[in-house]
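Hello,

Here is the structure I said I would pass on. My notes on it follow below.

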Amino acid sequence: MARMKFLCDAERCIECNACVTACKNENEVPWGVNRRRVVTINDGSPGERSMSVACMHCSDAPCAAVCPVDCFYTTDDGVVLHDKDICIGCGYCFYACPFGAPQFPKNEAFGSRGKMDKCTFCAGGPLPDNSPEEYASYGSNRLAEGKLPLCAEMCATRSLIAGDGDVVSEIFRERVTWRGSAGFAWGWGVAYNKSGIRKGKAIEGNAVGGD
Amino acid sequence: MATQVQTANRHRRIIVWSLMLLIALMLFLPLIPYALAYVSPEAGGVPNPGTELWRAVRSGDKGTSQVQGVDTGVLINEYGEAWRHFRMEQLIPFGAMLMGSVLVLIVLFYLVSGPLRIPGGATGKKIQRFSVFERTTHWFTVSLFWLLALTGLILLYGRFVLIPVLGPEGFGLTASACKEAHNLFGPLFLVAILMMLLTFVKDNIYARGDITWLLKGGGMFGGGHVSAGRFNAGEKIWFWIAVLGGLVLSASGLVLDLAVFGQGREVMAISHVLHGIAALVVITVSFGHIYMGTAGVEGTISSMTNGYVDEAWAKSHHDRWYAEMQAAAGDDEAEQAGGGAAAGVASPVAND
Amino acid sequence: MSDKLTLGMEAMRAQMDTRVMSYMSSCVHCGICAEACLFYTETGDARYTPIYKVEPLRKLWRQEYTFWGKLAASMGLSKKLTEEDLANWEELVYDGCTMCSRCSMVCPVGIDIAYMIRKVKEGLAAAGFSPEGLVEAGKRAVEIGSPMGVTLKTLDATIRVQEKETGLKIPMDVEGADYLCLFSSGEIAGFPEFIGSLAKIFRATGVSWTISSEYFEATNTGVQLGNSKMAATLVERVVSAAEKLKVKNVISPECGHAYTTIRWDAPNFIGRPLPFRVVHIIELLDELRRDGRLKTEGVNTDRLSYHDPCNAARRGGVIKQPRDLLAMVAPNFTELPETGDMNWCCGGGGGVSSNERADPLRLKVFDAKKRQLDAIRPEGLVTACSNCRHMLEDGLEENEMHDIELLGITELIADHLVEESG
Amino acid sequence: MFAQLVDGIFWDIALWVFGIGVLWGILSIFRVRNKPDYSEPRGSGTAGAVGANLRRFLPRTELVSRTRLHIVAGYLFHLGLFALLFFAAPHVLFFEAQTGLGWTPMPYWAFIITAQLSFLGLMLLWIHRVMHPVTRLLSDLDDHLAAILTFIVMLTGCMALIGEFEGLRVLHRFTVELLMVYFPFSRLMHAFMFIPSRAFTGAWFGRRGVKA
């Protein structure tokens, strides 16, 4: 199976936040939760770069490793998902995650930290595909409909690429080659850049964001 | 004027061609480096202006984000991996080993040497060791301690021990209940520790003879009788481990609990490390305390239930305290006799 | 079921009323009443906790008036009230409680514990578990007319001595007098100057009064013993004496429980309103003072203090009057700590003083009073109850506190009376 | 299935048992009449009854030094429990859903602090009950059951704080139902009975001119 990946090309990101908006709209995430955010480095200075970041669906995901209730699982597509019926909202995944992806809604009546919410690669959750329950808890399940995440689809500059990791990497490799310098595939591969876990595969499958 | 018209046309052509050339140059000249890079990629000497930037980002430099929240400007959390390593590969296995081995040692010790009996047996005469308030403070702290220790241990080890028993959803429910109870009762433990500190600190300050007591292992080696005041050196050490450990637990716990002051992941991770270490140390040492107070030393438990101990117990384990109590009681009696109070009425307190 | 138990339960059942039911279902066993009780604070013995002393009544209530109690009792699951319980509680109720009501003032849910102690006594007395001293006193009260065996002859002799000392005629059996004065046996025997003081004050203020030769006893051992029938008999004697002499008012002397009994409880013992008004002698003196009829001269410059008799103050409402009277003659008056409706009992109320068995305990719990006195160490302690005065004398003697002089308020006033000419 | 029972029939049973039990408990004490008081009153019994009901909310100063723990822990627990019962946000929502009447709940931080203070009070009171010779002697099974049941209800309430585990909410509601069924037959009735008790005592003393 394909292994799904996001890639954000910092040379192209213009901090328009369309991906953030698209995500919120598509998944109807609760107030205060942003599954995706755009971070700008050196804002206003030479060398300013922006980067759209969400869960990078790590292999050997740290969140899954530290979860006290073991609610994470990785789908056949390599998407890291979690079961909200088990999550207790302890926040450990947030401490372990390199990207700050896990988010915690505030419960209205109770006010305490609710169950964790994060990017699902538009792949829903453990409930039946595209059921109303799944949508309410986890947002849309575009993957089950054969579509890729809306954030990447919305990206005007084709900065954010999502899809089969091999296709995505090929697209990016070509871009870098054309740019003539060693681009940086940020957040790519294994968490904390451990090497040797993921091996390259032959390019097949599809991806959103290729020019 | 044909020549004038021709001159004007020529000028116009020159201008148009020049402009076209300029535009062509503007479009193509910047491509030269790219073309060069394409021909010989290895020779590409043009550095990516982002490279330095990413290096900085990886080491935790902050950016900005439209999304408001804790640490949203941080692209890479540099402490996550260290924290994960501590929790999963150090705290959980070593903590289990520590607690388990101490429990095994205590059981072995009990099987080998048995309980410490009162020398000469109980006399039946009782003296008060702990007041109502002291006992209330103690058991209040005990209740909170075990409520927090059990919920905490369930959160730490439940994934390995309880998920096979309860199933993932059953354990999720249990863990959620434990987390909420742990967070709610945590701050009360600070109250208990402070009550404990105020109630018992005056008898837990280092006194002469404590070193001797320790050197003789509380009478286990070296022979001879070991002298002690109201609390012996072992009890004093436990007191300070419990109080200081409790304060560390409370302080770090409050940081973890009150996640409303915008503390970032760095602070949370450090607090978590302190919290975990302190908790496991205090829990482990408490095993020893519990053993000594119940099965380990005959006649001790009553000091914390009804507040009274046998005189022989007091003489044997806390001889200096016993002497002080006798002196104080003597003073009281002398005072009463002098005051002419009804001596015929036996005080029923001691019979309780 | 033993006869004694049947009798005791029968008597307590007859005492069961809405108040008891409400009290019983309110108590949460918080133990605060213990901290108000001198028997607990001075001995440290938890059995002296006031609400624990009503345990026999509570057991009866539980097994006969509550859902679970009835259920458990019918299935034989609960421990029922036994004769042994009654026997065990005799000492707690008769020796270990003066019915001072201090606990009733502090209960957070508002239980009047002394009210229920009174009802427990009813059961214990019926079952025959009462101290000998008190039972004997009761017999004497019914047969002779005085718990101490003071007869009319004794009274006559005392009156003659007082008439000689004061030079005044003490009126006996005067029909149509405004006030009929009762005495406690303790006064006649121990503080006869009270009678002389009254004569002086009433002459100076022009009050018409009399003593009845038919019945002059103010105390009521039936109340202390817990025997309502005896109490009613004794009350009827007062009523009949007063009716014969056609008096409009009856004076309760310096005696705590006599006042509470005749003023507040008597009409309920006989089941009808009294045909006369009852005043405590302090109340009367205070009325005379307010009317301007009682005038004093000279003062006692000692640092005096006042011991509120529980029955007069806490259970009778006579709190302000003695202080107003003392203001006339004692410029250096100092209040005891925890005074008025929270005063500590002398230790001998509620019949404890008639019960020799309780003497060591009574002197032990006097420590509460001693502590209170030590706090201000007055030169003189005034009181308005002859029983309190006896008990205080005993306690001060036992504790060698000879520097505190004991005074009766009526005598103190009489000593500073302005003799009106004509 | 268990949840349906707890939300349905169990709740109805508990509500009826509680309502009828409490009413019956209050009315049944009036089965046995008080005897009329023929004595001539010095003060107003009614004023005494009302006054005692108000005054007994405060401790007598003479006893403060001897009952500090009772007073502090007692107030913390009772005020805290009252606030939690009627002003915790989930409870307000529940009342609103049941009766249509809603009011402003406590903010979350106030809720947490209140819960902690009431736990502090309840735990201290109960441990003190077991430790103090007086209360140890007085206490029976009912006292301990009432305290422990209340503790469990509060504990399950706090455990269900995250509000997203149906099982924990059901557990809390189930323990509440147990408490409601137990309530009318237990010492918990003091929550209502203190009013007539104070009134009787206050009236008795009030007639005699004493402020009880």
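Leaving aside its neighbours within four places in sequence, which residues is C:Lys369 in contact with? They are C:Trp344, C:Cys346, C:Gly347 and C:Gly395, where two residues are in contact if their C-beta atoms, placed from the backbone, lie within 7 Å.

Before the rest, some conventions. This is a predicted model, in which local features need pLDDT of at least 70 and side-chain atom pairs count only at pLDDT 80 or more, while totals for chains, interfaces and linings use all residues. Residues are numbered from 1 along each chain as its sequence is written, and chains are lettered from A and ligands numbered from 1 in the order in which they are written.

C:Lys369 lies in helix α20 of chain C, residues 359-376. Helices (DSSP runs of H or I, at least four residues) and strands (DSSP runs of E, at least two) are numbered from the N terminus. C:Lys369 counts as buried because 26 other C-beta atoms are within 10 Å; the cut-off for buried is 20 or more other C-beta atoms within 10 Å of the residue's own, against 12 or fewer for exposed and partly exposed in between, with C-beta atoms placed from the backbone. C:Asn343 is 26 residues from C:Lys369 along the chain, and their C-alpha atoms are separated by 9.0 Å.

Also in chain C, strand β5 (residues 304-307) has C:Leu304 and C:Tyr306 pointing one way and C:Ser305 and C:His307 the other, and all are buried. β5(C) runs parallel to strand β6 (residues 380-383) of chain C, with 4 bridges joining them; two strands pair if DSSP finds at least two bridges between them.

Strand β2 (residues 37-41) of chain A is joined to β1(B) by 2 bridges, and A:Thr40 stands opposite B:Thr64.

Chain B has 12 helices and 3 strands. Of its 352 residues, 29% are buried. Among chain B contacts between residues at least 6 apart in sequence, 68% join residues at least 24 apart.

As for the assembly, 5 pairs of chains touch, and chains C and D have the most contacts among them. Chains A and C do not touch, their nearest C-alpha atoms being 33 Å apart.

Regards
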